[in-house]
Amino acid sequence: MPILEVDSLTVDIDGEVGRRRILDDVSITLEAGEPMGLVGESGSGKSMTLRSILGMLPPGAEIVEGEIRFRGTNILTSGSRRGYDQRIRGTGISMVFQEPAIALNPVMKVGRQITDAVAEHKGLSKRSAHELAVELMDRVGIADPERRAHSYPFQLSGGMRQRVMIAAALVQEPEVLLCDEPTTALDVTIQAQVLDLFRTMQQERGLGLLYVTHDLAVVAQLCQSISVMKDGRIIEHGVLQSVFDDPTEDHTRKLLTATPRIDDGVFAGTGGDASAGTSEGAR
Amino acid sequence: MSDPLSSASPSAGAPAGTGPGAPSGLGPTPDPSGKPPRTRGGTAARATPQARFALPLPAFLRRHNLQLWTGLIILGAMVLLLAIGPLFVTADPNRQDLLNAFGGSSAAHPLGTDQLGRDILARFLHGGRIDLLVAVIAVIVPFILGTALGALAGYFGRWVDIVIMRLADIVSAFPFYVLVIVLVFVMGNGMASIFVAISAVSWVAYARIVRGEVLVLREEEFVSACRASGLTTPRILSRHVIPNTVSQGIIYAMSDIVLNIGVVVTLSFFGLGIVPPTADWGQMMNDGQQYMGTGNYGLILWPGFAVVLVSLALALIGDGLTNILKPRR
């Protein structure tokens with residue numbers, strides 16, 4: 001059974017210009033331990049899909065149709081008062097945000113921030129929460145975690161903040177990790193390190209990864225499968241290599257050609273040898 | 001070579017400081033050599049106005065938070081004076097000696113005596129204790145009440161917001177002093193009524209401040225991140241949202257203490273505050289203003305001077321705290 005199924009999800013939003021459909025019949029099937037890339041241009045509905053999965057749609061947005069099943073249960077109606085099941089957040093599905101600089105509480109020490117959710121649900125003592133934070137910070141590659149746990153976010157670099165975010169997302173051992181362009185705000189060198197970390201964590205823990213990005217090179221490095229979104233619809237889905245080698249949709253082809261390749265100096269064609277899976281992408 | 005990502009790095013001649021890449025926060029110092037500041041690709045650079053106003057002081061002085069220190073020193077001296085003063089001034093502040101009314105400065109009465117022959121210094125020290133104590137304690141309840149209500153109003157919006165803020169509007173529709181005086185008048189004078197009256201009125205300011213902060217904070221991504229990690233709303237409010245508003249509350253609290261000193265002194269001046277014969281700066285000034293015409297300035301001078309000094313100190317502390325309590329990113 002797939003770990004996460006988004007089944008013909010349709011979302012409308014009431015805006016200034018009236019009611020608009022922002023997600024149209026979106027279906028995603030994520031197997032346990034599968035890293036999937038979700039790509040598309042800005043405004044194609046990638047982030048909205050993630051927000052729907054976490055039950056955090058903006059005000060005015062409404063799910064008009066569809067189900068989101070986690071381990072076979074429709075989490076949209078399994079919560080209290082037949083609403084979204086908030087228990088799934090953090091423990092089942094977790095999320096890493098785009099900008100670690102603004103996704104961390106500026107006045108709380110990062111160690112406490114990482115473990116705050118567990119501390120609330122399991123009533124950890126201060127000491128054991130601290131130990132857990134240090135252990136996790138060590139796992140996500142933060143040097144000197146004992147000391148860093150007492151830092152405030154502004155004292156950390158961008159890359160370190162994102163590592164903290166990842167640690168916080170993993171603290172309750174979720175089975176699915178949603179990533180909303182988590183490396184876009186980072187330097188290229190740090191990007192590579194953080195991507196490495198995602199890969200390690202994903203493989204170590206068998207995480208289902210739904211990785212939203214507009215950077216196909218990132219998808220190529222990290223994911224096994226890819227879904228392409230456009231105008232609130234999923235227009236293409238498949239195994240990474242086959243989509244990269246032989247996209248069926250024009251739009252996918254355009255996205256692929258829009259990724260500059262560092263090795264051949266010209267834009268990557270759609271030819272059969274486009275081994276984008278191994279190329280370091282430079283944007 | 002410079003980072004190829006930072007296409008917007010300013011050319012060598014560009015005035016430093018206009019560069020987009022200066023890391024936000026933590027005082028980005030413009031490079032005096034005119035070289036382009038090292039940029040970090042992708043970091044959203046926020047232009048932080050560093051100095052609104054810089055005193056023309058030598059650098060070693062400017063490094064310190066002068067306002068804060070000046071305020072703390074003045075207030076500390078005053079508190080110390082009020083705390084240990086009565087140990088040395090053993091005169092009973094309430095003992096009358098009518099034969100010795102308006103006595104001048106002497107060994108027994110360094111500041112002279114008032115119209116009933118009571119020692120002015122002793123009354124000043126004991127009265128100041130009461131005034132400061134009441135003013136400080138009367139900040140705590142409105143602070144907590146206002147912060148809680150403001151946070152609820154800001155975070156939940158809708159009818160919660162409407163109910164709380166209309167209540168605040170009702171309270172603030174009345175002039176501050178009028179409302180306080182009416183409340184104290186109804187409840188009878190004394191310290192308890194002062195506490196209740198001040199609490200009932202001045203929570204409004206805290207609620208407004210905190211609500212405004214929360215309206216901004218609840219849209220922040222870290223609140224989304226908190227929700228995404230499965231934290232419950234009470235936890236998010238109490239541990240993540242409210243702590244981010246506390247600094248603003250504390251800064252306002254400093255000026256609120258000043259206001260409260262004014263209220264206590266004013267109420268006592270009108271005979272509605274501290275019950276006589278307990279000494280209090282307001283009463284002393286009230287007594288003193290009746291005899292100013294006869295050349296007895298001591299009674300009104302010292303308490304008046306003290307009120308101004310304490311207010312100044314608290315205002316300075318408030319300003320100084322503004323500089324250091326800003327949450328940093």
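Q: Which way does α3(B) cross α4(B), left-handed or right-handed?
A: α3(B) passes α4(B) in a left-handed crossing. Left-handed means the near helix is turned anticlockwise from the far one by less than a right angle, and right-handed means clockwise. Before we go on: this is a predicted model, where local features need pLDDT of at least 70, side-chain atom pairs count only at pLDDT 80 or more, and totals for chains, interfaces and linings use all residues. Residues are numbered from 1 along each chain as its sequence is written, while chains are lettered from A and ligands numbered from 1 in the order in which they are written.

Q: OK, and at what angle do the axes of α3(B) and α4(B) cross?
A: Roughly 145°, and the axes of α3 (120-156) and α4 (158-173) of chain B come within 7 Å. Axes are lines fitted to C-alpha atoms, for helices over the stretch in contact, with angles from 0 to 180 degrees between N-to-C directions. Helices (H or I, at least four residues) and strands (E, at least two) are DSSP runs, numbered from the N terminus.

Q: Which residues make that contact?
A: From α3(B), Leu149(B), Leu152(B), Ala153(B) and Phe156(B); from α4(B), Arg158(B), Val160(B), Asp161(B), Ile164(B) and Met165(B). Contact means that C-beta atoms, placed from the backbone, lie within 7 Å.

Q: Switching to chain A, what's the strand order in the open sheet of six strands?
A: The order is β6-β7-β8-β3-β9-β10, with mixed pairing. Strands pair if DSSP finds at least two bridges between them. The edge strands are β6 (93-96) and β10 (233-239) of chain A.

Q: How many bridges join β3 to β8 there?
A: Five, between residues 35-40 and 208-213 of chain A, and the two strands run parallel. In β8(A), Tyr211(A) is the bridge partner of Gly37(A).

Q: Which helix packs on the sheet?
A: Helix α10 (250-257) of chain A, which touches β3, β9 and β10 of chain A. The direction of α10 makes about 105° with that of β9(A).

Q: How is chain A divided into domains?
A: Into domain 1 (4-92 + 172-282) and domain 2 (100-171), with bounds from an automatic or database domain assignment. Their C-alpha centres lie 26 Å apart.

Q: And the two chains, how many residues are in contact?
A: 25 residues of chain B are in contact with 29 of chain A. On the chain B side, α7(B) gives the most, with six residues.
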